[in-house]
Amino acid sequence: MIIRSAVLEGEVPEADRVHFDRQMRETVLPAIRRYPGIRDVKLRWAAEQEAGAPPVYVVFDLHFDSLEAMHQALASEIRQEVRQQLGTIMPLFKGRVYHLVMSQDA
C-alpha cells in the first residue's frame, strides 16, 4: 500500500476557516475520490500541537495499491480538475504545502 500525504503546514485566518474547511470536505475530498485507482482518501485535521511541532493545519492521505497506480492518478485529467478547484480556495491558506509518499505494510 502506498500513501501519499499532502501536508498543509500553516494556517487559515479564523474568519475564513469555516468556508475553507467546508470546501475541503464537500468539494475537494469528493473530487479526489474520483482519481483512477485510488483506494481511499482521508482528511485529517490537527487536534492538538505539541511544543516545537510544525503548525500542520490539515493532511490529505491518498491510498493506492502501488506507486504505479499513484503516478497514473496524478497524471489523470481528474487531478487537473482537483487542482483547479484547489486554486479557488488555497489563497485563503497561509503557509506551505508538501507531499510525503510512504509505503505501508498490510
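Which residues in H1 meet which residues in H3? In this predicted model, the H1 side of the contact consists of His19, Phe20, Gln23, Met24, Thr27, Val28, Ala31 and Ile32. Their partners in H3 are Ile78, Val82, Gln85, Leu86 and Ile89. Sorted by class, the contact of H1 with H3 has 9 nonpolar and 4 polar residues, and no charged residues.

Two packed helices are described by the angle between their axes and the distance between the axes. For H1 and H3, the angle is about 175° and the axes are 10 Å apart. H1 is therefore roughly antiparallel to H3, since the angle lies over 145 degrees.

The buried residues of H1 are Phe20, Asp21, Met24, Val28, Leu29, Ala31 and Ile32. Besides H3, the buried residues of this helix pack against the strands S1, S2 and S3.

In soluble globular proteins, nonpolar side chains tend to be buried together. Here the largest nonpolar core has 27 residues. Those with the most contacts inside this core are Phe20, Met24, Ile32, Tyr35, Phe60, Leu62 and Phe64. At least two core residues come from each of strand S1 (2–11), helix H1 (17–32), strand S2 (38–45), strand S3 (56–64), helix H2 (67–74) and helix H3 (77–89). The most is given by H1, with 6 residues.

His63 lies in strand S3. His63 counts as buried because its relative accessibility is 12%, and buried means under 20%. With neighbours within four places in sequence again left aside, the contacts of His63 are Met1, Ile2, Ile3, Ile38, Arg39, Asp40 and Lys42.

Arg39 has its place in strand S2. Arg39 counts as exposed because its relative accessibility is 55%, and exposed means over 50%. Beyond its neighbours within four places in sequence, Arg39 is in contact with His63, Phe64 and Asp65. Between Arg39 and Asp65, the C-alpha to C-alpha distance is 7.2 Å, although the two are 26 residues apart in sequence.

Conventions
Residues are numbered from 1 along each chain as its sequence is written. This is a predicted model: local features need pLDDT of at least 70, side-chain atom pairs count only at pLDDT 80 or more; totals for chains, interfaces and linings use all residues. Side-chain values use heavy atoms; hydrogens and water are left out. A nonpolar core is a set of buried Ala, Val, Leu, Ile, Met, Phe, Trp, Tyr and Cys residues joined through side-chain atoms within 4.5 Å. Buried means under 20% relative accessible area, exposed over 50%, partly exposed in between (1.4 Å probe, protein chains only). Helices (H or I, at least four residues) and strands (E, at least two) are DSSP runs, numbered from the N terminus. Contact means heavy atoms within 4.5 Å. Axes are lines fitted to C-alpha atoms, for helices over the stretch in contact, and angles run from 0 to 180 degrees between N-to-C directions. Angles under 35 degrees count as roughly parallel, over 145 as roughly antiparallel, 65 to 115 as roughly perpendicular and the rest as oblique. Ala, Val, Leu, Ile, Met, Phe, Trp, Tyr, Cys and Pro count as nonpolar, Asp, Glu, Lys and Arg as charged, and the others, Gly among them, as polar.
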